[in-house]
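Try each task before reading its solution.

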Amino acid sequence: MNDFVSYVTRDLINLSKQNMELELVISDLDGTIVETENYHRLAYNELFKELGLDTRWSKQDYAHRLQTMGGNKFREIFSWLNLPDNKYEQSKQRLYARKTELYVELITHDLTAGQLRLRPGIQRLFKEVQDSGIPIAIGTACVGWAAQKVVQAALGEAFLQSLACLCGGESTPKHKPAPDIYLLVAQKVGVHPESCVVIEDTHHGLQSAKRAGMTCLATPSEFAAMHDFSEADLVLPDLNSPSPFNLKSLKDLLLKR
């Protein structure tokens, strides 16, 4: 049996819902803490320039690829390079690494310059959670080193160091919507999956959280506005709308499941 599945099964059997308390808040990064998805698009376009390609993805182009292609975006890019198929894996790794560098450069510059801000209410809620003694962790598809750079630029070094853990996309072989990333976070922190609340912004992130047996609060991001969030425990435009979403509301959300 898969180690993650064994972990969840064991804990679900042992966990008494009557005594369940909020033990961990887990946040996605891209689109949840900061509206970053457009920076991925811009990074791809910068990569195309460096490769000497005339292609540029509009927001509509990129939104379509997010919904239909997932990780196959690099397969499409590779097809433009007229290289032999046996070069694909090597090329994919090189292209992904460079695209990630460009993404980090773009987003950290704009965060530091004040040209990009956190999504409404996220910093306030994080402070309230941490002040109460409840830990915060991050589970993201973004590669770990890049996620750390973005979190540091967005919320500061002290917040980065305060995280219970940060698990990036390289941490598990299966990515969202598989539950692995969130189960790994819970395992590393040593808490029951059912005592965690996840904050997500996309359908595949929501699926990952729910498949992990966790409560999920969805705050749809720009590129995910039309996603299906019917499985979410609560959907809000952001953490300040229609009114400030606070720690008590977070705890109540867990207990209402």
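A salt bridge here is a side-chain nitrogen of Lys or Arg within 4 Å of a carboxyl oxygen of Asp or Glu. The model is a predicted one, in which local features need pLDDT of at least 70 and side-chain atom pairs count only at pLDDT 80 or more, while totals for chains, interfaces and linings use all residues. Residues are numbered from 1 along each chain as its sequence is written, and side-chain values use heavy atoms, with hydrogens and water left out.

**Exercise 1. Examine the salt bridge between Asp131 and Lys127.**

Step 1: Find the distance. The closest N and O atoms of Asp131 and Lys127 are 2.7 Å apart.

Step 2: Asp131 and Lys127 belong to helix H6, residues 122–131, and sit 4 residues apart, about one turn of the helix. Helices (H or I, at least four residues) and strands (E, at least two) are DSSP runs, numbered from the N terminus.

Step 3: Check the surroundings. Asp131 and Lys127 are both exposed. On this scale, buried means under 20% relative accessible area, exposed over 50%, and partly exposed in between, using a 1.4 Å probe and protein chains only.

**Exercise 2. Compare the pair Glu76 and Arg65 with the pair Arg98 and Glu105.**

Step 1: Start with Glu76 and Arg65, whose side chains form a salt bridge at 2.8 Å, N to O. Glu76 is in helix H4 (residues 73–79) and Arg65 in helix H3 (residues 59–68), so this pair ties together parts 11 residues apart in sequence. Both Glu76 and Arg65 are buried.

Step 2: Turn to Arg98 and Glu105, which meet in a salt bridge at 3.9 Å, N to O. Arg98 is partly exposed, because its relative accessible area is 25%. Glu105 is also partly exposed, with 47%.

Step 3: Widen the view. Glu50, Arg98, Glu101 and Glu105 are linked in a network of salt bridges. A search of the whole structure finds 11 salt bridges.

**Exercise 3. Is Val129 buried or exposed, and which residues does Val129 touch?**

Step 1: Locate Val129, which is found in helix H6.

Step 2: Read the accessibility. Val129 counts as buried because its relative accessible area is 1%.

Step 3: List the neighbours. Leaving aside residues up to four places away in sequence, Val129 touches Val25, Ile134, Pro135, Ile136, Leu247 and Leu250. A contact means heavy atoms within 4.5 Å.

Step 4: Pick one neighbour. Val25 is 104 residues from Val129 along the chain, and their C-alpha atoms are separated by 8.0 Å.

**Exercise 4. Inspect the backbone at Pro177, Pro242 and Asn82.**

Step 1: Look at the peptide bond from Lys176 to Pro177, which is cis with omega near 20°. Pro177 lies in the loop between strand S3 (166–167) and helix H9 (180–189).

Step 2: Go on to the bond from Ser241 to Pro242, also cis, with omega near 5°. The loop that holds Pro242 runs between strand S6 (234–235) and helix H11 (247–255).

Step 3: Finish with Asn82, which has a positive phi of about 55° although it is not a glycine. Asn82 lies in the loop between H4 and helix H5 (88–112). Because its relative accessibility is 72%, Asn82 counts as exposed.

**Exercise 5. Describe the surroundings of Lys149.**

Step 1: Classify Lys149 as partly exposed, because its relative accessible area is 42%.

Step 2: Note that Lys149 touches Val104 and Thr108, not counting residues up to four places away in sequence.

Step 3: Relate Lys149 to Pro177, 28 residues away along the chain: their C-alpha atoms are separated by 24 Å.

**Exercise 6. Summarise the whole protein chain.**

Step 1: Count the elements, which are 11 helices and 6 strands.

Step 2: Take the dimensions. The C-alpha atoms fill a box of roughly 60 × 45 × 35 Å along the principal axes.

Step 3: Ask how much is covered. Buried residues make up 50% of the 257 residues.

Step 4: Sort the contacts. Among those between residues at least 6 apart in sequence, 67% join residues at least 24 apart.
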